[in-house]
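Trainee: I am new to this structure. Could we go through it together?

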Amino acid sequence: MLLTTDEGHGAVRVNQDGGAASDGGENRGYGVRVVINSIVYGPVPSRRLGRSLGINNIPPKICSYSCVYCQLGSTMNMHVERQTFYHTEEIAQSVKEKVRQVKGKGEPIDFLTFVSDGEPTLDANLGKEIEFVKSLGIKIAVISNGSLIWRDDVRQDLRKADWVSLKVDAVSRQIWRRINRPQKLLNLERIVDGMLKFAQTFDGELTTETMLVRGVNDGTGEIERIAEFLAVLKPAKGYVAIPTRPPAEWVEPAGEGSINAAYQIFTERLPAVEYLIGYEGNAFACTGDVQGDLLSITAVHPMREDAVAEFLKNSRSGWDTIQELINNGSLVELEYQGKKFYMRKLPRRNLVSPQ
Ligand code: SF4
């Protein structure tokens, strides 16, 4: 079975032994083990979507962006025109068969998720595919970079889903170009406008994902501008992410200080904000294991000093619990606007610098 670290856009599926998997058998030069997998994979555990069966409706790697942090490597095939990659029937039958197999084993599926080796809305048949797989009675999610959402037909297709994630890494043209490296015909103003139009007419759950890259989009100025835009877009939840697997280019994830600042700034304008920083966390964890629960909560969002104190009091624990987590490198203490916050220390990554 294949697993994902997270169903983020361009997420690399990994085998249970930790090697990366990719369609098409291309070796991305990270020294990873490559296997061929099919259009449908999983179900994989996803913090956002529960048990999610992935639908990879785009051959690797066809995208409208070539994000500096993309885990799938650089985009060799940049496209902005929608086209047919697979027959709708082929996708529909693959999904149907896989659902039958999984359910046959008694395993639940919470979402059927279009998460591709590229941008799923480039698929001209996306709407038809969603319609078909919806008939299986499982909720549908689409993880999109949002670059084609200025098109009426793309918005129409996405409206058929129950849950949509849009990528919002930057709202300033220069930073957008640096981080997402869009196909040259794309226009940021049209994309932003398309996202707003979509948000106004979408009945499902809209979420956003903002990947923070050190020195590119993690400055307070751009984070504030993104937050202003999100305040108008009104997603149900805004996710703050960092690259946690080897990316296309030599990029560094934003540090804990920037991630905490982004969390605080987004929280002032959005009803819900969470981290996606490479840990599975459960903000409502209460297992009785005080340290484990604290790490679970702070993997999802930072805790203010007073909230930690309250938590410790309720768990009949002392501050030495926190000190121990800081000393062993699991937790980090941060300051933002004169207040102390505690956050799960970012995972160590084994990045490989390109030659
Ligand atoms: S949008 Fe960016 S992260 Fe997603 S597949 Fe395309 S290049 Fe990779």
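Trainee: Which residue in S16 is the bridge partner of Glu335?
Mentor: This is a predicted model: local features need pLDDT of at least 70, side-chain atom pairs count only at pLDDT 80 or more, and totals for chains, interfaces and linings use all residues. Residues are numbered from 1 along each chain as its sequence is written, and side-chain values use heavy atoms, without hydrogens and water. Strands here are DSSP runs (E, at least two residues), numbered from the N terminus. In S16, Glu335 has as its bridge partner Lys340.

Trainee: Over how many bridges do S15 and S16 pair?
Mentor: Two strands pair if DSSP finds at least two bridges between them. S15 and S16 (residues 339–344) pair in the antiparallel sense, and the bridges number six.

Trainee: Which strands stand at the edges of the sheet?
Mentor: Three strands form an open sheet, in the order S14-S16-S15. Each edge strand has a single partner, so one side of it is left without a neighbour in the sheet. The edge strands are S14 (303–304) and S15 (331–336).

Trainee: Which residue caps the N-terminal end of H5?
Mentor: Look at the backbone nitrogen of Glu189. A side-chain oxygen lies 2.9 Å from it, and that oxygen belongs to Asn187.

Technical notes. Polar contact = N/O pair within 3.5 Å; in protein donor to acceptor, adjacent residues only side chain to side chain. Helix = DSSP H or I, 4+ residues; strand = E, 2+ residues; numbered from the N terminus.
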